[in-house]
Amino acid sequence: MVSIHRTLLLSFILLLLLGLLCECVTEYTFKRYTYRKKRDDKRYKSARQRCEMEAECQGLWGVKHTSCTRMCMSEFCYNELYGQDELEEGEIDVRLNSFKGCLSQVKMEDL
């Protein structure tokens, strides 16, 4: 009988802690741009390939290479989406489609 009460009490405490954790989670917000795959993909790939070959991005790896490439593609879009919160190693980039959409809306030189 005591073990049932102990189990119920521990379950209640666990649920209470989970509830408190859920209240602490904040929604990640960033500016959203519409991205249309067929229309915008060629433009994005072309700009990415051009910038991956730039001397300033050569020799960089991981997030540093990705950041350098995107900054090269569009400084405005990079600052708009990543300026306040840089991409971190291992982070799933939920802003990529917005970055692609931003690229389609700004005039890019040499594309």
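Which residues in helix 4 meet which residues in helix 5? In this predicted model, local features need pLDDT of at least 70 and side-chain atom pairs count only at pLDDT 80 or more, while totals for chains, interfaces and linings use all residues. Residues are numbered from 1 along each chain as its sequence is written, and side-chain values use heavy atoms, without hydrogens and water.

Phe76, Cys77, Tyr78, Leu81 and Tyr82 of helix 4 meet Leu96, Ser98, Phe99, Cys102 and Leu103 of helix 5 (contact: heavy atoms within 4.5 Å; helices: DSSP runs of H or I, at least four residues, numbered from the N terminus). The residues of this contact comprise 9 nonpolar, 1 polar and no charged (Ala, Val, Leu, Ile, Met, Phe, Trp, Tyr, Cys and Pro count as nonpolar, Asp, Glu, Lys and Arg as charged, the others as polar).

Within helix 2 (residues 37–52), Glu52 and Arg48 lie 4 residues apart, about one turn of the helix. Glu52 forms a salt bridge with Arg48, with the closest N and O atoms 3.6 Å apart (a side-chain nitrogen of Lys or Arg within 4 Å of a carboxyl oxygen of Asp or Glu). The count by this rule is 4 salt bridges.

Key
Helices (H or I, at least four residues) and strands (E, at least two) are DSSP runs, numbered from the N terminus.
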